[in-house]
Amino acid sequence: MDPVTLSVMSAALSGIAEEMGTALVRSASSANIKERRDCSAALFDARGRMVAQAEHIPVHLGAMPESVAAVMARGPRPGDVFVLNDPFEGGSHLPDITLVSPLDLDNEIVGYACTRAHHSDVGGVVPGSMPAGSTSIWQEGLIIPPIRLDESIVRIILSNVRTPEIRRADLQAQAAANLLAGERLRELVERRGRDTVLATFDEVIAYTGRRAREAILRLPDGRYEAEGEVEGDGVTEDDLAIRVAVTVAGDGIEIDFDGTAQAAAGNVNAPIGVTRAACTFAVKVALGADVPVNAGLYEAVSIKTPAGCLVDARVPSAVVAGNVETSQRIADTVLLALAQATAVSAQGQGTMNNVVIGSSDWTYYETLGGGQGASDRGDGPSGVHVGMSNTLNTPVEALELELPLRVERYELLEGSGGQGRHRGGDGLVRSLRVLEPATLSLLADRRRHAPLGLNGGDPGRPGRNLLNDEELPAKATRELEAGDVVTVETPGGGGWGRID
């Protein structure tokens with residue numbers, strides 16, 4: 001395929017994925033999707049290889065191939081819509097519900113549309129389905145194996161959640177986004193021809209593979225080791241080690257987690273799809289912005305994990321924080337290793353700062369931004385989502401209009417970024433007053449260990465969780481009374497370079 005045609009067709013496929021995401025955001029009911037955009041969309045070919053993605057959530061997108069593979073194993077037919085959230089059968093954690101729809105031309109499946117969205121309640125022992133102290137997957141909510149979505153399945157789902165009407169609307173928005181992908185693909189075929197469109201699937205993946213491997217070839221061959229940690233698992237506050245050895249050999253990269261902690265009693269275990277997402281994200285960052293992201297990149301990175309360890313969770317491990325927190329720590333640790341081979345930024349906040357508040361009939365979920373690490377190019381940005389998260393905030397007006405919460409304070413935490421020739425970005429502080437009794441769950445990290453600076457830069461300031469005047473651990477669930485104030489101070493990013 002000539003370069004001009006490839007460029008035009010690649011942009012067209014990416015445009016379909018982006019339009020899927022836009023349709024999902026504009027059609028959804030929950031603030032978590034329509035305001036925060038905690039959702040993702042992508043296109044896959046008939047072999048289950050990712051072809052194009054919207055610029056959404058790295059932890060969603062990197063784990064999506066597992067979802068499509070799980071659906072393909074069930075013998076999908078044209079017209080089907082499959083739903084799943086089982087972390088051990090293609091999902092990530094239970095609140096992330098994925099819809100996969102076969103895309104057909106003349107009744108032949110030629111690809112798949114996939115949307116994943118964080119639903120702010122899927123049942124379980126606490127409102128919001130993210131308990132800090134869960135010790136098995138069954139405590140975290142309704143488990144949905146890959147299954148055809150019809151009204152009977154929808155009724156089962158809605159009978160197990162606290163906010164059924166919002167869940168129904170968000171599921172309908174996902175299904176509509178998948179349907180739109182099929183319509184746009186058929187329109188593209190009408191304009192460009194079936195053979196050209198299907199050939200583009202292979203060409204786009206092959207092109208990305210070439211670009212990724214060319215970029216890897218520019219890295220010095222070697223074995224680069226690093227160590228990080230997860231601050232407690234919700235059951236204990238003991239650190240859990242993440243150890244990686246990144247081997248660059250020719251045009252391939254292997255990431256080995258030998259020496260990483262065994263499975264945790266609590267919920268910081270990461271399914272292998274989440275680990276793969278974090279690793280490929282880190283490699284993408286190290287290779288640079290001009291390397292596309294699809295199956296071509298994934299094929300250049302191999303991952304080895306001890307069976308059943310912290311980063312390769314097995315049934316019935318609890319995993320709800322593995323997706324949101326351990327993924328961040330994996331990405332940070334892999335980047336720390338790759339910093340020995342190429343220029344990367346100092347560490348960012350390294351956590352999503354998950355705040356979940358709710359009762360029997362309402363739920364609030366948000367991840368909070370913090371500081372990004374500085375680099376040789378300049379200071380790190382402040383108050384942004386970093387790493388495996390790429391969401392927005394919930395506007396104060398939307399939050400207070402829909403929920404019995406009041407925002408008492410929301411501002412940058414000036415001075416929390418690490419000093420250096422270039423300063424790390426500052427974290428932020430958000431205080432919420434609850435106006436009626438509710439349950440609070442916090443899932444965070446970097447409360448004891450600071451984000452590291454690079455090349456002599458200072459570390460950023462760790463974060464802090466407060467309930468009124470009581471300091472809470474990184475992972476905590478508490479019952480709230482009307483008038484209680486929950487405050488989260490997020491970490492700053494590391495600085496870069498010594499100050500002369």
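Which residue in S9 is the bridge partner of Thr247? In this predicted model, Thr247 pairs with Glu254 of S9.

Strand S8 (residues 239–249) and strand S9 (residues 252–256) run antiparallel and are joined by 5 bridges. Both belong to an open sheet of 4 strands, ordered S7-S8-S9-S10, in which the pairing is mixed. Strand S7 (222–231) and strand S10 (301–304) each have a single partner strand, so they form the edges and one side of each lacks a neighbour in the sheet. On average, and ignoring direction, neighbouring strands here are turned by 20° against each other. Helix H9 (residues 320–338) packs on this sheet, where H9 touches S7, S8 and S9. The direction of H9 makes about 150° with that of S7.

Another antiparallel pair is made by strand S1 (residues 39–45) and strand S2 (residues 50–53), which share 3 bridges. Within this pair, Leu43 faces Ala52 of S2. The hairpin of S1 and S2 has 4 residues between the strands, and Gly48 adopts a positive phi near 85° there.

The table sets out their packing.

| Helix pair | Angle | Axis separation |
|---|---|---|
| H4 (residues 151–158) and H5 (residues 164–192) | about 140° | 9 Å |
| H5 and H6 | about 120° | 7 Å |

With an angle of about 140°, H4 is therefore oblique to H5. The crossing of H4 past H5 is right-handed. On the H4 side, the contact is made by Glu151, Val154, Ile157 and Leu158, while H5 supplies Pro164, Arg167, Arg168 and Leu171. Sorted by class, these are 5 nonpolar and 3 charged residues, with no polar ones.

What about the other pair?

## Two residues up close

Is Thr200 buried or exposed? Thr200 lies in helix H6 (residues 194–217), and its relative accessibility is 0%, so Thr200 counts as buried, the cut-off being under 20%. Apart from neighbours within four places in sequence, Thr200 is in contact with Met1, Met9, Ser10 and Leu13.

Now turn to Tyr365, which sits in strand S12 (residues 363–367). Tyr365 has a relative accessible area of 5% and is therefore buried too. Which residues does Tyr365 touch, not counting those up to four places away in sequence? They are Asn32, Arg36, Asp38, His118, Ser120, Met130, Val324, Asn354, Val355 and Val356. As for Leu6, its C-alpha atom is separated from that of Tyr365 by 41 Å, and the two residues are 359 residues apart along the chain.

Terms used
Residues are numbered from 1 along each chain as its sequence is written. This is a predicted model: local features need pLDDT of at least 70, side-chain atom pairs count only at pLDDT 80 or more; totals for chains, interfaces and linings use all residues. Side-chain values use heavy atoms; hydrogens and water are left out. Two strands pair if DSSP finds at least two bridges between them. Helices (H or I, at least four residues) and strands (E, at least two) are DSSP runs, numbered from the N terminus. Axes are lines fitted to C-alpha atoms, for helices over the stretch in contact, and angles run from 0 to 180 degrees between N-to-C directions. Contact means heavy atoms within 4.5 Å. Angles under 35 degrees count as roughly parallel, over 145 as roughly antiparallel, 65 to 115 as roughly perpendicular and the rest as oblique. A crossing is left-handed if the near helix is turned anticlockwise from the far one by less than a right angle, and right-handed if clockwise. Ala, Val, Leu, Ile, Met, Phe, Trp, Tyr, Cys and Pro count as nonpolar, Asp, Glu, Lys and Arg as charged, and the others, Gly among them, as polar. Buried means under 20% relative accessible area, exposed over 50%, partly exposed in between (1.4 Å probe, protein chains only).
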